[in-house]
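Biologist: Before we turn to the details, could you show me the model and take me through how to read it?

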Amino acid sequence: MDSIHGSETEEDNVNRNENLFNDKDEYLEGDVPVQEGLDYKGVIEKFEIDPNALKIIEALGKGRFSQVYMGILSMPAEDKLVAVKATHIKLDSVNAIESAGGHENVLKLMGAITTTRTKFSLITEYCERGSLDRFLQAKRKNENFEDELIFEENGNEEFWKIQRDANWGKNYQSRRDNGLITTSDLMWFALQIARGMQFLASMNITHRNRALHNILLKSNFTVKVADFGQAKISKDSDYAYNNWRKETVLLARYTALESLKSGHFSITSELWSFGVNVWEIFTFAEKRPYSAQFDSDENDMHIHNFLIEYLSSGNRLSIPNNVPQQIRRLLSRLWDSDPKQRPSFQDCEEVIEKELMQSCPN
Ligand SMILES: Nc1ncnc2c1ncn2[C@@H]1O[C@H](COP(=O)(O)OP(=O)(O)OP(=O)(O)O)[C@@H](O)[C@H]1O
């Protein structure tokens, strides 16, 4: 599947610039020392970027703690399109990001501005198709999804479209070029997330900030896990504590049962969250997880207790019909209440790769 490439369509850009804001001039003119109390760990010298080498082009979006711009970074050999994330929260994660940026499916840190701007900025590689949740939402909205699963009349056995139509596999590139995505593409996204997460796990980095909007997509359909480590906000001030509380509530829908109970995260709890990401992919991120059972304000603190009760009673997210049987089984194992029973990221990769070989052997 590594050879699969896609080109950007107009429709893919739907919503991408939805959150435009107009304060870039103010940002560009800022030239004061970084705010006092900003508790980032020192970025080693080679990562510090000269602000004069960076030109802001346009705003891309806004997170809860940050504003993101597209920019051009002048480098010795070439000029590069980059994303500039201006953030004012305390970060524990710069060192983690630095050391982790060596995998195809992990967002690459190009540098940081820590000394001369009003805002601390992280400069990362630019992902043309933006966040995966919005990309999928647009595909669903424009009916640009082709389900490749075929069920026998008795409904018990499933086949791949390619098993009934040998030409189907040959045309995947032109389908992508026409803006259509398929079940194989969904599995391809899931596989790449597993690879990125496996890499982070091998470096002992727990992602923690696991929602699908933190997964970004390049024009060639390469997935980049982003924003890892950034939820590790220190608890020693009221401000940070309140943000940490909000973060906990927002991420509860992605959090493993045992972590909801204990507040502790581990590689095995990351596996549960990965399962929720796969569920989001196959539901086109149309709704937040558990919104059928508990749809409320994002800051509703009750979600935490609700989920502990709901999941402890053995309930899980209901898996839609477009999920292939093997992936369905994988999800059930990822959501095992016993963390030891969960498959590893490597196991996940194997299962998804095997399915992809069936559905899209090209
Ligand atoms: N490297 C990037 N390339 C292209 N677009 C990006 C990049 N990073 C972020 N964006 C865009 O900017 C938006 C905001 O990103 P950001 O990471 O600040 O917030 P978020 O992840 O959506 O929310 P939060 O930080 O609150 O979890 C994203 O949804 C995405 O559309």
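This is a predicted model: local features need pLDDT of at least 70, side-chain atom pairs count only at pLDDT 80 or more; totals for chains, interfaces and linings use all residues.

Biologist: How many bridges join β2 to β3?

Modeller: The general idea is that strands of a sheet pair through backbone hydrogen bonds, either parallel or antiparallel. Here β2 and β3 run antiparallel and are joined by 9 bridges, and Ser66 stands opposite Thr87 in β3.

Biologist: Which residues are the closest to the ligand, and which strands supply the shell around it?

Modeller: The ligand is surrounded by 19 residues, of which Arg64, Ser66, Lys85, Cys127 and Asn214 are the closest. At least two residues of the shell come from each of β1 (54–62), β2 (66–74), β3 (79–87) and β5 (120–125), and β1 gives the largest share, 3 residues. Both domain 1 (10–125) and domain 2 (133–359) give residues to this shell, so the ligand lies between them.

Biologist: What polar atoms of the protein lie by the oxygen and nitrogen atoms of the ligand?

Modeller: A polar side-chain atom of Lys85 lies 2.7 Å from an oxygen atom of the ligand, while a polar backbone atom of Cys127 is 2.9 Å from a nitrogen atom of the ligand. Of the 600 Å² of accessible area that the ligand has on its own, the protein covers 91%.

Note on methods. Residues are numbered from 1 along each chain as its sequence is written. Side-chain values use heavy atoms; hydrogens and water are left out. A residue is near a molecule or strand if one of its heavy atoms lies within 4 Å of it. A polar contact is a pair of N or O atoms within 3.5 Å; within protein, one must be able to donate a hydrogen and the other to accept it, and residues adjacent in sequence count only if both atoms are side-chain atoms. Accessible areas come from the Shrake-Rupley method with a 1.4 Å probe; for residues, only the protein chains shown count as cover. Helices (H or I, at least four residues) and strands (E, at least two) are DSSP runs, numbered from the N terminus. Domain bounds come from an automatic or database domain assignment. Two strands pair if DSSP finds at least two bridges between them.
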